[in-house]
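Colleague: I have a model open and would like to learn how to read it. Could we go through some features one at a time?

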Amino acid sequence: MEAKLKKELGTTVLKSAGQSTGGCISEGHSYHTDTGKVFVKTNHKSEAKLMFDGEKASLEAILRTETVKVPKPVKVIELDSGGCVFVMEHLDMRGLSKYSKQLGEQMADLHYYNQRQLEKSRKEQQTVGKGAGETETTAVEKFGFHVITCCGYLPQENEWDDDWVTFYSRQRLEHQLGLVEKTYGDREARELWAELQLKIPQFFKEVEIVPALLHGDLWGGNVAESADGPVIFDPASFYGHSEFELSISGMFGGFNNCFYSAYHEKIPQAPGFAKRKQLYQLFHYLNHWNHFGGGYRGSSIKIMKDLIK
């Protein structure tokens, strides 16, 4: 693998920096190269390239907004032995503590970014001599993403849709429940979903949803801080409802009140936020059920029952 990395990166030096990490999905290792330190994620699954291509596109999209720090992606490289590596900038990071408030502000800026681009684009179209498409960064008017991304190792179809409720119901919840059905044939989940899908539009009455670029998997394990501010990584991005971002952040800890207060100062909670948060957490519980097994069944079933009440 190291010879392949040297060749693909065009470096004469490739020396282990002695820092290794192992997540639920991939393993990581840092190396010194001719141009500085890089972080290399390795995954030997058959879907590794799809997963890393989606992560690279996600990091690139977040980078372009210049709102919150992410590692700069370098290259996705297929291994001769099967699987793939993803090379990115190495960042010296520690657990999030000092910069929680700043992260809240920056996540709100990330979520507002596309709305500002849309407003800018519309103003330009009304200006004489300016045509559509002259904005430096293209504004996105639909929900979805230009490539498949993976939340964990499971692919997320991100086909563009004009309607958020349709996108989320079909491409997130229905997709996950289809996987549950295929693996477990869970009758209770199937029956609850038949009821819940009819109720979903009620949770979005009088809520205006503008497509926001999301990290997509913002739990405590995917945030940190460097010497000069917060860092987010391991994204599974798409354009969706900004509230979706705050669902998994509340499930496994890692975010304090400073984070939420700073975020909501810029993006206040809309009416019905608590119910929609449950609806968005349902996706993550189902995704965990499909990744890690029946230990997450109870939470998934409970949320569906609560939402149907």
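Predicted model: local features only at pLDDT ≥ 70, side-chain atom pairs only at ≥ 80, totals over all residues.

Modeller: Asp234 has a relative accessible area of 28%, so it counts as partly exposed. Asp234 sits in the loop between β10 (229-232) and β11 (238-240). The phi of Asp234 is near 50°, a positive value in a residue other than glycine.

Colleague: Which other residue has a positive phi although it is not a glycine?

Modeller: Glu66, with a phi of about 55°. Glu66 belongs to the loop between α2 (48-65) and β4 (73-78). The cut-off for exposed is over 50% relative accessible area; Glu66, at 75%, is exposed.

Colleague: Now the whole chain. How many helices and strands does the chain have?

Modeller: Nine helices and eleven strands. The radius of gyration is 20 Å, close to the 19 Å that the globule rule gives for 309 residues, so the chain is as compact as a globular protein of that length. Its C-alpha atoms fill a box of roughly 60 × 60 × 35 Å along the principal axes.

Colleague: What share of the 309 residues is buried?

Modeller: Buried residues make up 50% of them. The chain exposes about 14,900 Å², and carbon and sulfur atoms supply 49% of that area. For contacts, look at sequence separation: among those with a separation of 6 or more, 64% are between residues 24 or more positions apart.

Colleague: How many residues are in the largest nonpolar core?

Modeller: It has 74 residues, and those with the most contacts inside it include Leu103, Trp164, Phe204 and Leu279. Helix α8 (residues 273-292) contributes the largest share of this core, eight residues. Apart from this core lies another, of nine residues, among them Leu5, Tyr31, Val40 and Leu79.

Colleague: What does Trp164 touch, leaving out residues up to four places away in sequence?

Modeller: The list is Phe143, Phe204, Ile209, Phe238, Tyr239, Gly240, His241 and Tyr280.

Colleague: How should I read a strand?

Modeller: The general idea is that side chains in a regular strand alternate between the two faces of the sheet. Then check cover and partners. Strand β3 (residues 36-43) is mostly covered, with six of its eight residues buried.

Colleague: Which strands pair with β3?

Modeller: One is β2 (residues 27-33), which pairs with β3 in the antiparallel sense over seven bridges. A hairpin of two residues joins β2 to β3. The other is β5 (residues 84-89), also antiparallel to β3, with six bridges. Follow Thr42 across: it is the bridge partner of Glu27, and Thr42 also stands opposite Val85 in β5.

Colleague: And a helix? Why does the span of α9 agree with its number of residues?

Modeller: Compare the expected span with the distance between the end C-alpha atoms. Helix α9 (residues 297-308) has twelve residues and, at 1.5 Å a residue, should span 16 Å; its end C-alpha atoms are 17 Å apart, which agrees.

Colleague: Which residues of α9 are buried, and what do they pack against?

Modeller: The buried ones are Ser300, Ile301, Ile303, Met304, Asp306, Leu307 and Ile308. They pack against α4 (164-184), α5 (187-199) and α8.

Notes:
Residues numbered from 1 in each chain as written. Heavy atoms only, no water. Core = buried A, V, L, I, M, F, W, Y, C linked by side-chain atoms within 4.5 Å. Buried < 20%, exposed > 50% of the residue type's maximum accessible area, 1.4 Å probe, protein only. Helix = DSSP H or I, 4+ residues; strand = E, 2+ residues; numbered from the N terminus. Contact = heavy atoms within 4.5 Å. Pairing = 2+ DSSP bridges. Expected span 1.5 Å × (residues − 1). Rg over C-alpha atoms; globule rule 2.2 N^0.38 Å. Areas by Shrake-Rupley, 256 points an atom, 1.4 Å probe, with all protein chains shown as cover.
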